[in-house]
Amino acid sequence: MSFADNAMARLLRDPMGAMGLILVVAFLTMAVAAPLLAPYDPVALNVVEKFQTPTLAHWAGTDQLGRDLLSRIMYGARTALGIGVTSVGIAGLLGLLLGLIAGYGPRWLDAILVLAFDSMSSLPMIMFALAVITVLGPGTMTLILVVILVSIPGYARMIRAQTLTLAGSDFVLAERAMGASSARIILRHLLPNVVGPLVILLSMDIPVIIMLEAGLSYLNLGVRPPTPSWGNILHDGYTSLRSAPYMVVIAGIPLVLSTLGFTFLGEGLRDALDPRMALRGRI
Amino acid sequence: MTLLAVDNLSLQYRTPAGPVQALRGVSIQAHAGEVLGIMGESGCGKSTLAAAIINLPGANAQVTGGEVRYRGRDILTLPADQQRALRGRHIGMIFQDPMTAFNPVLTIGAQLVDFQHHLPGSTTSKRANAQSMLTRVGIPDAAMCLRRYPHELSGGMRQRAAIAAALLLQPDVLIADEPTTALDVTMEAQIIHLLRALQADFRGAIIIVTHHLGVIAELCDRVVVMYAGQVVEEGLVDDIYHAPRHPYTAALLACDPAKLNAGGGRLPTIGGRLPDLMHPGPGCSFAPRCGQVRDLCHKTPPPRVAVSGTHSASCHAVTT
Amino acid sequence: MSLLTVQDLGVDLPMAGMFSQGRLNILSGIDLTLQPGETLGLVGESGSGKTTLARAVLGLQKISSGTLTFCGRPLKDNHDFRDIRRDAAMMFQDAVASLSPRMTVGQLIAEPFVIHRVSRPSGKVADLLAQVGLPPDIAGRYPHELSGGQARRVGVARALALTPKLVIADEPTAGLDVSVQAEILNLMNDLKAKLNLSYLIISHNLALVRHVADRIAVMYLGRLVETGPTTQVFAAPRHPYTASLLAADPKPDPRQRRADLAIKGEIPSILRRPLGCEFHTRCPMAQGQCLTKVPQLTEKQPGHWARCHLT
């Protein structure tokens, strides 16, 4: 049994990890298959059926313009996960690359990169986000760009710290003693050892980004209406809180569940990928 | 006088795959004024035994039988606070890594004073006490050493300070677990010399736990040889090194290149590996690796045969 | 022709510190030769520079002065060192830590072939495992699943993969029990005869070095203090430091207990290197000139050199 199979088995044995995985897979399916699953067009107006509480026709009710909320939530999952996964994924990839270079590359390059990371993380995130939005205008791409810029330093620092520790370890020295090139050491020996913790960190960061998207969209600074987004639905819900309080509740449910799902998955992965746990499982 | 007696002690570690029987009916006695060596390879249970004597064998350990008696009182059944009072006060411990004996953020002086917290006297007198103990263990500038942090001392000095800490409360039993393993040859020699000098005016018992055959030969009066969680041979140091009766002891001593007088050639080896302590067989645990094995050895546990008044071995092949 | 020649080798490290430009001298004036098929034991306390020397030979540590020659070829740039890393392999003190943790034993042993782009005959991994006495199914295991002795054997197998001329072994049996140590030493001995290897063995274990080495070199504070045939050095050491080390080594025989302390004091910090003879602070024989004049390595007997004013 390989390490990966083993890790998967351990993840599923942990109830929290298994629940996280189920939730994440459910939301991903919802996002990918939204056109197939959604009962209505998420932007089709139907003013006659506005402000409906959940019915058999509209399982999650309708909004102030009579749009089907369930369909909007499904398409909203597309937006939320699209932004969350894309931005965190790209940021993670760039952070990984920069962190490895800073940790194992020449020392002068490390000094420059660390200075760059420090300057970047000294900017207050919200202020920076607002500034970029002001310059580029609100929208999905702007949001993704902001998240990438803000997240890279954190990931890169973590990867750099781990790389530095590993670079001084005997197995890296042993590889050098055998004549391995730096590229080989980075790709074959350092990368597999730093990527695990990064995956965990990324999966725990996705809900943060989903919340950020919802927050900015709620403030009308994120995804532009009428594109369905959980933040936009919340925003609509708050504007009509008096006439239709259920909207806020319904829009909140996917936010809470996806956050829990990704967090549980991250924690489950952390335990499942720990090599010492792997050892314990085998004895 | 017997200060410490371990009587038929059995201990197991719980693991997900089932209990591992780390100690199986171990009995030893440490008498006042003697240095007892506990010798064995990794996995033989010697460190578990040392930890069990002070009742700190780890959270997943469970004593399944037997007693540890200090001056006739069973330690294992005492309430937790009395056990704590016994540790340090009457039974001192020296560890392999002297760094673990000290708190890294406090000075040596502060810690040596704190170790005496349940003794009467002023802080000044306790500090003076600590200083004289540091001088006694051969630290050249003891007053300076009191003001230092653990990481500021060299490995050898730190081990001296750890010995001072263990002796501060004047225990009757001093247990040293691999006291020289982390040190260089010259430091090792100095620590051996120090322990020997201390023994001269120490009325208690010293127990040295180590895999290093040279250290035991240099220091100990009596030796207990352990294998797979059991005592296989016990005797005076000269008998163990020059007339070992258990095949394991003989094989172990023969493996050491220091034993050979000229270089080159093949070293004798034992072959095979340690038995599975999760499912120990009914017979002698050394039988699968033993050169003198007979049918009987696989089926029946070997009797403890007394070779002389001080020398005994657990082996079917040994006759008096 | 000697296999490895080290001439007047020195290693300095830049001192940490933002404004200081100091250099810390780790090794200086090291002269060593190693003949094909010979085993040289490098002995000294921690901080004597023996590991640094081994790393310098493979180019893992930049040298500040002197020359290295391997098989008659001087080693100067990275390209030369890349070649020597094919013909000289290293075994590490912590065998488990020297194995890349996410690779299987099979991948680890195949690593030298991949690195040097040498085609690997099928079944080579199993052959190498058999050569070091490991079962073929161990190829699927990960380093953390190995015992100390098994990890050592994997280290030996990896070192032998490309049939090197020289194996550098840093504390080849550190942390092993005596019975396992004996197995590893026998294995190294058998392989040496079979493959005509040369060993550079670094150890503080004198009994081990006496057992395996043809010649020994004793280091103290980054200097070579004595070198010569093992039997001669052990029988009649010509440097008081060697004599003290030999006297300090505990013998596994209660009838040969040491009467007195063999060596006093501690190895000084290289930050405060003693003037004159480096060893004078601990030397039982030190006299006036030892405090001021640096002794040179002189040939006391044919092939037996020592750095001492007195012997």
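This is a predicted model: local features need pLDDT of at least 70, side-chain atom pairs count only at pLDDT 80 or more; totals for chains, interfaces and linings use all residues.
**Exercise 1.** Describe the side of chain B that touches chain C, by elements and by residue class.

Solution. Start with the extent of the contact: chain B contributes 35 residues and chain C contributes 33 residues. Residues count as in contact if their C-beta atoms, placed from the backbone, lie within 7 Å. Next, list the elements of chain B that give two or more residues to this side: helix 7 (185-200), helix 8 (213-219), helix 9 (237-242) and helix 10 (247-255). Helix 7 of chain B supplies the largest share, seven residues. Finally, sort the side of chain B that touches chain C by class: 17 residues are nonpolar, ten are polar and eight are charged.

**Exercise 2.** Find which strands stand at the edges of the eight-strand sheet in chain C.

Solution. Write out the order of this open sheet, 6-7-8-3-9-10-12-11, with mixed pairing. Strand 6 (88-91) and strand 11 (298-301) of chain C each have a single partner strand, so one side of each lacks a neighbour in the sheet. From one strand to the next, the twist averages 20°. Now take one pair inside the order: strand 10 (residues 223-229) and strand 12 (residues 304-306) of chain C are antiparallel, with two bridges. Here C:Glu226 has C:Ala306 of strand 12 as its bridge partner.

**Exercise 3.** Identify the edge strands of the four-strand sheet in chain B.

Solution. The order of this open sheet is 2-1-4-5, and its pairing is antiparallel. Strand 2 (20-31) and strand 5 (73-74) of chain B pair on one side only, which places them at the edges. Strand 1 (residues 2-13) joins strand 2 of chain B through eight bridges. In strand 2, B:Gln29 is the bridge partner of B:Ala5.

Notes
Residues are numbered from 1 along each chain as its sequence is written. Chains are lettered from A and ligands numbered from 1 in the order in which they are written. Two residues are in contact if their C-beta atoms, placed from the backbone, lie within 7 Å. Ala, Val, Leu, Ile, Met, Phe, Trp, Tyr, Cys and Pro count as nonpolar, Asp, Glu, Lys and Arg as charged, and the others, Gly among them, as polar. Two strands pair if DSSP finds at least two bridges between them. Axes are lines fitted to C-alpha atoms, for helices over the stretch in contact, and angles run from 0 to 180 degrees between N-to-C directions.
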